[in-house]
Amino acid sequence: MRKISLYTASLLLAAVLTITVSAQTPQTQSPKIGLINTLAFNDAKTGITKYSTALGGVDAAFKKELDDLNAMVTRIQTMEKEIAGMQKEAATPAQANNVQFRTSYNTKLEEYDKLGREYKFKQDDARTRYQRRRQEAMGPILIDIGKALQEFAKQRGFTLILDGSKLSDIGVLLGWDDKVDVTKDFITFYNARPATATVTAPVKK
């Protein structure tokens, strides 16, 4: 996880110290803080089963579209090389006044332009539908995970549980003792709970 500036670190430290001081009143223990790496939830082998299964189902539903888009990217890249070669050839005396060559070159440019527009349209459309499908499938599960985190924190006596991956992304994490990383413990705890979240049935695209 990335390091952060001393200024940001001082703010974080001040916040922790504030919690500590306020907690150290008579008959009150020091706060117990834990870290969870939410990115680990999606691991098919060691993550949250319900989470990885649902997300995998969404990805599988869009696999063909992704393959088609990747095929279009390959075609676009091929056409770019062809056009670059024709541009060099157009500068030679042999093709300078070749009407047929110029026509072929212009046709190739039009095809490239059309394919580029088609790719962007399909990409934007697929992204919008993917995000909607993912939200429908993952929403109930994320809500259930949030409830389970509260339950886990109370049972284990945590005052605060932080998302280590999010803190790392924004640079608000200097270092930590491995003992505060309770990712595996929470995943085990969640996977052992009775099913409570209902996964929304996939909707037709």
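Predicted model: local features only at pLDDT ≥ 70, side-chain atom pairs only at ≥ 80, totals over all residues.
**Overall layout**

- The protein chain has 6 helices and 2 strands.
- Walk along the sequence and you get the pattern α-β-α-α-α-β-α-α.
- Of the 205 residues in the protein chain, 28% are buried.
- Take the contacts with a separation of 6 or more: 82% of them in the protein chain pair up residues 24 or more positions apart.

**The second largest pocket**

- This pocket holds about 270 Å³ of space.
- Its lining is made of 17 residues. If you want to find the middle of the second largest pocket, look for Thr-38, Ile-145, Gly-146, Leu-149 and Ile-161, which lie nearest its centre.
- Helix H4 gives the largest share of the lining, with 6 residues.
- Strand E2 (160–163) is in on it too: H4 and E2 each supply at least two of the lining residues.
- Sorted by class, the lining of the second largest pocket comes to 11 nonpolar, 4 polar and 2 charged residues.

**Arg-129, in H4**

- Arg-129 sits in helix H4, which covers residues 99–156. That is the helix that also supplies 6 residues to the lining of the second largest pocket.
- Arg-129 counts as buried because its relative accessibility is 13%, and the cut-off for buried is under 20%.
- The side chain of Arg-129 has a partner in Asp-125: a polar contact of 3.0 Å joins the two side chains.

**Glu-80, in H3**

- Glu-80 belongs to helix H3, which spans residues 63–90.
- With a relative accessible area of 37%, Glu-80 is partly exposed, because that value falls in between the 20% limit for buried and the 50% limit for exposed.
- Glu-80 and Leu-109 are 29 residues apart along the chain, and their C-alpha atoms are separated by 9.2 Å.

Notes. Residues numbered from 1 in each chain as written. Heavy atoms only, no water. Helix = DSSP H or I, 4+ residues; strand = E, 2+ residues; numbered from the N terminus. Buried < 20%, exposed > 50% of the residue type's maximum accessible area, 1.4 Å probe, protein only. Polar contact = N/O pair within 3.5 Å; in protein donor to acceptor, adjacent residues only side chain to side chain. 1 Å grid on protein atoms, 1.4 Å probe; cavity = no way out; pocket = protein on both sides within 12 Å on 5 of 7 lines; lining within 4 Å. Points joined across faces, edges and corners; volume = space filled by probe spheres on them. Nonpolar A, V, L, I, M, F, W, Y, C, P; charged D, E, K, R; others polar. Contact = heavy atoms within 4.5 Å.
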